Structure formats: structure tokens, C-alpha cells
Amino acid sequence: MNRFKTLDDFDFAGKRVLVRADLNVPMLDGAVSDATRIERFAPTVRELVAKGARTIVMSHFGRPQGRDMTQSLAPIAASLAAEFGKPVAFATDCIGEPAAASVAAMKDGDVLLLENLRFHKGEEKNAPSFAKALAEFGDIYVNDAFSCAHRAHASTEGIAHLLPCAAGRAMQAELDALSAALDRPKRPVAAIVGGSKVSTKLDLLGHLLARVDILVIGGGMANTFLHAKGIGIGRSLCEANMAETARRILADAQSGGKQIVLPVDAVVASALTDGADAQTVAIGAVPDDKMILDIGPLSVAETLRVLSGVKTLVWNGPVGAFEFQPFDKGTTALARGAADLCTAGKLMAVAGGGDTVAALAHAGVVDRFDYVSAAGGAFLEWLEGKELPGVAALYVRSA
């Protein structure tokens, strides 16, 4: 497959550039409460402005059923202007006369935000007519919304077949990092997979097992594997019906010469609450009336020992109930240890997924990993080895 084009491949001076962003950001009292996605998107816009483009930003927001003004993108224009350091005009629709008039009024270096794409059914249906209506406003298409790339929508996939297209800087950084982590990694490669259920991550486990050398399993998922091995886990979260699947994964790992790392000790308690009375016990000594809610210090030490011998790490999912103290200690210690290895230049680490990002932020190490993906579903589907329509379209057009 050919490499995607980037902003380096076009002359943008005087061109109308349609940029797909993900501005589906958290709002509180009519203002953006977390500007992470805007901050990551800003370099693309600043570069286009500097190169004399007429930058037309489009995005979805929420899940409106038709034209719902409570889910308008209008309030976000002010946050964009503050981040870009220049005024951002707003069009009251993303197609039709309101959008056409706003685009026609643009000068080189201007930035325009179109209204919520999902006000129109054609967006999520990837309707050719809607993609064509959007494409009429642009000379070049730039996709800078990796977090939406797993959806074959008009603004992420359909339009890419109608205009010359490129990846924006945020999309480029994401694809480069993910490719370095699994497509062409430095070996040995390890993956940490946490979260609560094996059943939701079967595709992920299978794909990773074929690509990594070491698979570290934590969180509620580990309980199912321990149960499958005949180890008592008390009242811990467990998918007993997935035991046979877990045993098959363990067998596949052994036959493939892959190492699976499971907890050797655990932090247990009677209830999942802040400040719960907790104790650390060895795996195999979990009281019948207790729940495993975090990995213990020996498990952290063993995992970090394993990581010290690898070159690449992919992380998806916390290894404990980090939202509650003291059950955040395992994930935090593991995250900080991995970050230390990154800082020392011994490890290339990529992480992603909503809970994972929150856990790394809680540990204060987001900026110390090589790359932390803000994408949720798209990151997980990439880890599962699935084709992302929005990315595939960029590659197709780079031929």
C-alpha cells in the first residue's frame, strides 16, 4: 500500500482546504472543558494559514437527530480562535447557501468553521450526494481526525475520493506512531492489555498475540485467565463463560513461543470504594469474600523487569480500578516505571483508549510516553488489525 500524502506534498497558497477535525469535545456551561483535541489539531491549521490557504474546518458534534441547536458547533469557534491566534468565522450550515456564502467571503489565510455535519443524515450514511456537496467548497481535502477514521462517513471516507487529499499533522503523527509500534517495531515488543472483560477484547488479544513477543494481562481480564487456570479469585469480576477461550489463548501463546504475564499478587478488598480497607495477598491466596481490585507490588516489579528487556510497548487498558484509591497504585507505578524507561531512551511506548489516557494522566506521565492516542474506538480497531476506512481512503488517493 502506498504511503499517504501529507501537508508537505501540496502548495496551499490561495487554495480552499477542507479539513476534517474531531471537535466532539467536552463542554461545560457552554464552554470547552477539555481542549486536548483542539490543541492537537491546531498545528495543522496554523501551518495552512501560514501557507496562505483558505482553511475550512468541518466536524461532527454529539449525536443530533436532525438540526438540534443544542449540539451546534458555534460555541466552539471562540475556543478555536483562541488556540489558533486568529479570528474564526462560522457558517450556520455545512452545505448549501449559508456555507457557500461564507466560503465565498474568505480571503487567503482565513479560517472558517462549518456547522455540525451530523445535522444532515447524509454524513453518517456516507451519501455520495452529501460528500459531493461538501467537496464543492474545497480544492484539497485534509483529514486530521484519526479518532473518526474508523467510520466510513461522508466527511471521512466519501470526500477523500473526490478531492486530492492528505493527512494533517495530528493524523500523520498518529499513523507514524502506530506504524512504529506494531507494523515495523524494534523488538522485543510487549503489550499491556487491561480493562474488565475478555469478551470485548478477543480480536485485540488475538491480533496482538500474533505480533508481540510478550503480552501482559491485567485488570478484570486477568481474573478470567486466573480462573481458567484453576486459581481461586474470590468474588472478583470474572467471565467464567470465557474460561475455555482464555485457556486457548494461553495454549496459543505457549505453542507460538510467546510469553504471557499474569499478576503474581493482588490488592483485594470487600468493596470497590475510595478508602476501602485493602490488603495485598499472593495470587492463589485471595480470600473467598474479597475482590481483586489492583495488581500488587510484586506484579508491578515483575512487569517492569520484563519491560526493561523490550524495545517497544503498546498499552491499552488500566491494570486496576485506578479511579478509586488505593486501587490506583498498581497502574500508576507501572505507568511511571514505563515512562522512566522512555525517558532513558530504552523503550518506545505508545498508549491509547479512553480509560488508558485517563489512567496515564492520573499518573502524570502522558507527556513522557512517546505517543498517547486520544482516539478511542479508532485506536482499538487499529490494535485489532481492522482496516480504518478514513485511513484507507488516504492511502488510495496517494497512488
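Helices are DSSP runs of H or I with at least four residues, and strands are runs of E with at least two. The model treated below is predicted.

**Exercise 1.** State how many helices and strands the protein has.

Solution. Counting runs under the definition above gives 15 helices and 17 strands.

**Exercise 2.** Decide whether the radius of gyration of the protein agrees or disagrees with that of a compact globule.

Solution. Step one: for 399 residues, a compact globule would have a radius of gyration near 21 Å. Step two: the value for the protein is 23 Å, which agrees.

**Exercise 3.** Describe the burial, contacts and surface of the protein.

Solution. Of the 399 residues, 55% are buried. Among contacts with a separation of 6 or more, 75% are between residues 24 or more positions apart. The accessible surface is about 16,200 Å², and carbon and sulfur atoms hold 51% of that surface.

**Exercise 4.** Find how far apart the mean positions of the positive and negative charges are.

Solution. There are 40 positive and 45 negative charges in the protein. Their mean positions lie 4 Å apart.

**Exercise 5.** Determine how many disulfides the structure has, and classify Cys-94 and Cys-238 by accessibility.

Solution. Step one: the search of the whole structure returns zero disulfides. Cys-94 is in none, its nearest cysteine sulfur being that of Cys-148, 14 Å away; a disulfide needs the sulfur atoms within 2.5 Å. Step two: buried means under 20% relative accessible area. Cys-94 has 0% relative accessibility, so Cys-94 counts as buried. Cys-238, with a relative accessible area of 27%, is partly exposed.

Definitions and conventions. Residues are numbered from 1 along each chain as its sequence is written. This is a predicted model: local features need pLDDT of at least 70, side-chain atom pairs count only at pLDDT 80 or more; totals for chains, interfaces and linings use all residues. Side-chain values use heavy atoms; hydrogens and water are left out. The radius of gyration is taken over C-alpha atoms; the globule rule is 2.2 Å times the number of residues to the power 0.38. Buried means under 20% relative accessible area, exposed over 50%, partly exposed in between (1.4 Å probe, protein chains only). Contact means heavy atoms within 4.5 Å. Accessible areas come from the Shrake-Rupley method with a 1.4 Å probe; for residues, only the protein chains shown count as cover. Lys and Arg count as positive and Asp and Glu as negative; His and the chain ends are not counted. The place of a charge is taken as NZ of Lys, CZ of Arg, CG of Asp or CD of Glu.
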